[in-house]
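Student: Could you walk me through how to read a few features of a protein model? I would like the general idea each time, and then the case at hand.

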Amino acid sequence: MNTHVTVIGGGLAGLTAAIAVAETGAPVRLYEAHQTLGGRGRATAPPYVVHDGAHVFYADGPHYAWLKQRGFVGDLGWPRLGDWARAGFRVGGRVRSLPPVRMLRAQARGRLTAPVDLDFRGWAADRWGEPTAEQLANAISVVTYDADTGRLSAAFVWELFQRVFGANVPAVRWVRGGWQRVIDQMAAHATELGGAIETGARIDRLPTGGPVIVATDLNAARTLLGDDSLHWTSGHCALLDIAVPASRGDRTLVFDLDEGGLHESYTMQDDTIAPPGESLFQLQMPTRTGESASMTLTRLELFADTVVPGWRDRATFQRSATAKGRTGALDLPGQTWRDRPAIDRGDDVYLIGDQVAAPGMRGEISINSALLAARAATRTAKTDA
């Protein structure tokens, strides 16, 4: 075959597409503008391995089956029973072991169907009252990274809430070494299959002569494709990574029902990503409309005071960051994933990533869209050969 498939972008979506194409025997070339692969899956170098947000997988969808079949998610870490005992919920400024009773009642209503065209806050308030509706919305900010999750489509938020907090056993999975390890394994596999990967290679115009899969964020894709319609709602939040000497007084996992924050221990399931005897945490806090990054970080640090007492004097590692417009697709009332930017852009050009028309949440959208695009691009490449 002389016709090859070009993939622009070496994150989770781009590597998935490159592997899927290479597995069919079609030639594929991947270009990444940065010197390292990974996109939003990149992590810092040891001894403190931290991510720019999402770092877990959910094992209840076809995306995970695809990863598992190829051995990319084989070495899993699991929290110990004692770690779960230090988890909780922030309600009214205090951390408690269980969520409010009305939230528990909502969690048990897994068979309830929420409408697409109504906002979640109003729909949930009609059933459980306004305070509980706000707590439900704040609880799922762990996924949306949004300070006003209640304004989103009721169907969108309710599906996410049931996946994370529903009556079924949670499907969350932690890979030891984090997403960076998965990215490294995927890159190695793509190369073994004959795929060509070039880093430090910024593409400013679409290549000709074969199918092209654009695996960048919407901002970059908008410029590359010259298409001003490529917009979608996404989240905006502050991140804070902290390492401290391990202490039983530190919380391991706290969902913030007051402000939509999250506190999670990286090391409760993976002790390889921090020096021995230390705990590594990531906290997140969604940014409110009109709020500066420094104001959000201040609220986040106050949250940290509650869940990691004395961290300001104990910290051996500290890093803050902002995640804006790069936290997955959020659907407003009247919208579903089918309304997002289409994968097939015509003329053998395909758009993939976490804000396009494919099901799932965050990284799942990237994988699912990449597999759809790879299948279509490969058909074209083989037809043209």
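Tutor: Let us begin with a charged pair: D258 forms a salt bridge with R90, and their closest N and O atoms are 4.0 Å apart. A salt bridge here is a side-chain nitrogen of Lys or Arg within 4 Å of a carboxyl oxygen of Asp or Glu. Before we go on, note that this is a predicted model, in which local features need pLDDT of at least 70 and side-chain atom pairs count only at pLDDT 80 or more, while totals for chains, interfaces and linings use all residues. Residues are numbered from 1 along each chain as its sequence is written, and side-chain values use heavy atoms, with hydrogens and water left out.

Student: Where do D258 and R90 lie in the chain?

Tutor: The pair links distant parts of the chain, 168 residues apart: D258 is in the loop between strand 11 (253-256) and strand 12 (262-265), and R90 is in strand 5 (residues 87-91). Helices (H or I, at least four residues) and strands (E, at least two) are DSSP runs numbered from the N terminus.

Student: Is R90 buried or exposed?

Tutor: R90 is buried, with a relative accessible area of 7%, whereas D258 is partly exposed at 32%. Buried means under 20% relative accessible area, exposed over 50%, and partly exposed in between (1.4 Å probe, protein chains only).

Student: Which residues are linked with R90 and D258 in a network of salt bridges?

Tutor: The network also includes D256, E259, R288, E291 and R299. A search of the whole structure finds 27 salt bridges.

Student: What is the general idea behind such pairs?

Tutor: Side chains of opposite charge can pair when their charged atoms come close. In another case, D146 and R151 meet in a salt bridge at 2.5 Å, N to O. D146 counts as buried at 8% relative accessibility, and R151 is partly exposed at 27%.

Student: Now to sheets. How do strands of a sheet pair?

Tutor: They pair through backbone hydrogen bonds, either parallel or antiparallel. In this model, 6 strands form an open sheet in the order 8-2-1-9-16-15, with mixed pairing. The edge strands, each pairing on one side only, are strand 8 (196-199) and strand 15 (344-346). Two strands count as paired if DSSP finds at least two bridges between them.

Student: How many bridges join strand 2 to strand 8?

Tutor: There are 4 bridges between strand 2 (residues 28-32) and strand 8, which run parallel. R29 stands opposite A196 in strand 8. Strand 2 also holds E32, which pairs with R42 in the loop between strand 2 and strand 3 (57-58), 10 residues apart. R42 and E32 form a salt bridge, with their closest N and O atoms 3.3 Å apart, and E32 is buried at 6% relative accessible area.

Student: How are two packed helices described?

Tutor: By the angle between their axes and the distance between the axes. The axes of helix 5 (residues 120-128) and helix 6 (residues 130-139) come within 7 Å and cross at roughly 130 degrees. Axes are lines fitted to C-alpha atoms, for helices over the stretch in contact, and angles run from 0 to 180 degrees between N-to-C directions.

Student: Which residues of helix 5 and helix 6 make the contact?

Tutor: F120, R121, A124, A125 and W128 of helix 5 meet E130, T132, A133, E134, L136 and A137 of helix 6. Contact means heavy atoms within 4.5 Å.
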